[in-house]
Amino acid sequence: MTNEAPPAGPGAAADAVRQPPNREARNAGARSEAARQPDCTGCTGCTDPTDRRTTGSLGRRVAAEAVGTGLLVAVAVGSGIQASQLSHDAGVQLLASSLAAVFGLGVLIALLGPVSGAHLNPAVTLCVWYAGRRHGCGPALREVAAYAAAQVVGAVGGAVLADAMFARPLVKLSTHERSAGHLWLGEAVATAGLILLVLGLERAGRARLAPVSVAAYIGAAYWFTSSSAFANPAMTIGRSLTDTAAGIAPASLVPFIAAQLIGAAIGLGAVAVLYGRPVHGERDGAAAVSGS
């Protein structure tokens, strides 16, 4: 008498279908899903807005950029008005404005960074797009346009808000001329340093230091540049609508913004020279770079 296994019937086939996939199948599925996601390890382009570390939809991110840029301009304009009312000493006024900028900018980056990346600056947004465009991990052009528009609108609103808080005319074109070669050079230097810092921190895997580092840099740039470091096209436009110490005459806008964009391009070049190109596919989670 032989012990033969009974033939497999329909019930056995159904049981096989109900069995959970084995570990190899699950791992294969996970690898397939990971392959569909861009590997942005060490990628400068992931300084948001498409970085998976941000939490907002596009609408929420755009709103965060508008609010953040508006508050940043309100800090710059409002502190300038307050300082000029409290002291006639130019050094004291600059000290007060720079301290307000350091504290305000640091708080805004820490608060809004998880939502939108806290660019608050069209030059930063453009550079993030350019740095990430090859690998598809930076913002799309429509996101760049949405960010830049929100930043400009926010900057205008921030200038109006600051004037309203100090009972000034809500919109009055600035008469503060800032048209000179040494001022344009100061803006190019300030913006180049800002881009190098923002993208360099990301490339080096130290983006968590951005709130402190960027705020400290802008505070220093208030003092070491001849232009007091606007370094931000949206802020420059907003500040043209307030006739206060922080303002800039509309006639000075074009060369000032041109100098900022030139500085941004120089900053991008400096990042490439100092950090090389990002290497994708690294497993350890640290920023990985290769030589140019």
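A residue counts as buried when its relative accessible area is under 20%. Ser116 has a relative accessible area of 0% and is therefore buried. The model examined here is predicted. Ser116 is placed in helix 4, which spans residues 90-116. The side chain of Ser116 makes a polar contact with the side chain of Glu65, at 2.6 Å.

The mean pLDDT is 83. A value of 70 or more is reached by 75% of the residues. Among the elements, helix 9 (residues 233-239) has the highest mean pLDDT, 97. Strand 2 (residues 289-290) has the lowest, 36. Over residues 12-20, pLDDT stays under 50, and the model shows zero contacts beyond four places in sequence. Over residues 281-292, pLDDT also stays under 50, but here the model has 25 contacts beyond four places in sequence.

Helix 5 covers residues 122-132 and is mostly covered. Of its eleven residues, eight are buried. These are Pro122, Ala123, Val124, Thr125, Cys127, Val128, Ala131 and Gly132. At the N-terminal end, helix 5 is capped by Asn121. A side-chain oxygen of Asn121 lies 2.9 Å from the backbone nitrogen of Ala123. Ala123 is itself one of the buried residues of helix 5.

The crossing of helix 7 past helix 10 is right-handed. The residues of this contact divide into 17 nonpolar, five polar and two charged.

Beyond residues up to four places away in sequence, Ala188 touches Ala259 and Gly263. Ala188 and Ile257 are separated by 69 residues in sequence. In space, their C-alpha atoms are 9.2 Å apart.

Notes: Residues are numbered from 1 along each chain as its sequence is written. This is a predicted model: local features need pLDDT of at least 70, side-chain atom pairs count only at pLDDT 80 or more; totals for chains, interfaces and linings use all residues. Side-chain values use heavy atoms; hydrogens and water are left out. pLDDT is the predictor's confidence in each residue, from 0 to 100. Helices (H or I, at least four residues) and strands (E, at least two) are DSSP runs, numbered from the N terminus. Contact means heavy atoms within 4.5 Å. A crossing is left-handed if the near helix is turned anticlockwise from the far one by less than a right angle, and right-handed if clockwise. Ala, Val, Leu, Ile, Met, Phe, Trp, Tyr, Cys and Pro count as nonpolar, Asp, Glu, Lys and Arg as charged, and the others, Gly among them, as polar. Buried means under 20% relative accessible area, exposed over 50%, partly exposed in between (1.4 Å probe, protein chains only). A polar contact is a pair of N or O atoms within 3.5 Å; within protein, one must be able to donate a hydrogen and the other to accept it, and residues adjacent in sequence count only if both atoms are side-chain atoms.
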